Amino acid sequence: MKSIFNPTDNQEIISRINSLTRDSQALWGKMSVDQMLKHCNDAVLVAFNEKELNTPLIWRILGPMMKNMILKKPQFDKNSPTAKEFKYNTNFDFEKIKNELITNFSRFQSGFEAISCKKHPFWGNMTADEWNNLHWKHIDHHLRQFGV
């Protein structure tokens, strides 16, 4: 698997993000391209302890038990459930949110040290490999959703 921490691999993702336009259409799902960028950016911010998730107790128990099953999949399933904090009914400035995601995703290039959240609010304790696996598959899933 490629790595969010490897500058070359990280730049590959950033190039894919840069190929999106405000007119990019989803191949599945309900999000617009700007909502998807905001969704991905907020997921990245969790790794830096800059976005909080309100995870009910039952999911804090089940999440760590489900983590390996989800992360072992080659890619995330279409229309997978998402946390309410990552769902949006409004639109966002496309260029602004795209640039925010690029800036924040680039932060992974400095290595695992960039991640200040060692215990994910849903998945529990996370290793560098698990953070890589989660974020690579998540961003790849959504970029494929928009055909890039």
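This note sets out the main features of a predicted model, point by point.

1. Basis. The model is predicted, and local features need pLDDT of at least 70, side-chain atom pairs count only at pLDDT 80 or more, and totals for chains, interfaces and linings use all residues. Residues are numbered from 1 along each chain as its sequence is written, and side-chain values use heavy atoms, with hydrogens and water left out.

2. Fold. The chain contains 5 helices and 2 strands, in the order α-α-α-α-β-β-α from the N terminus. Helices (H or I, at least four residues) and strands (E, at least two) are DSSP runs, numbered from the N terminus.

3. Overall dimensions. The C-alpha trace spans about 40 × 30 × 30 Å along its principal axes.

4. Of the 148 residues, 48% are buried; buried means under 20% relative accessible area, exposed over 50%, and partly exposed in between (1.4 Å probe, protein chains only). Among contacts (heavy atoms within 4.5 Å) with a separation of 6 or more, 84% are between residues 24 or more positions apart.

5. Nonpolar cores. A nonpolar core is a set of buried Ala, Val, Leu, Ile, Met, Phe, Trp, Tyr and Cys residues joined through side-chain atoms within 4.5 Å. The largest has 35 residues, of which I17, L20, L37, F105, F108 and I139 touch the most other members. Two or more residues come from each of α1 (7-18), α2 (33-47), α3 (57-72), α4 (94-106) and α5 (128-145), and α2 gives the most, with 7 residues. Beyond its neighbours within four places in sequence, L37 is in contact with I17, L20, F94, I97, K98 and L101. A second, separate core of 5 residues includes A43, V46, L53 and F86.

6. Exposed methionines. M65 is found in helix α3 and counts as exposed because its relative accessibility is 60%. M69 also lies in helix α3 and is exposed because its relative accessible area is 53%.
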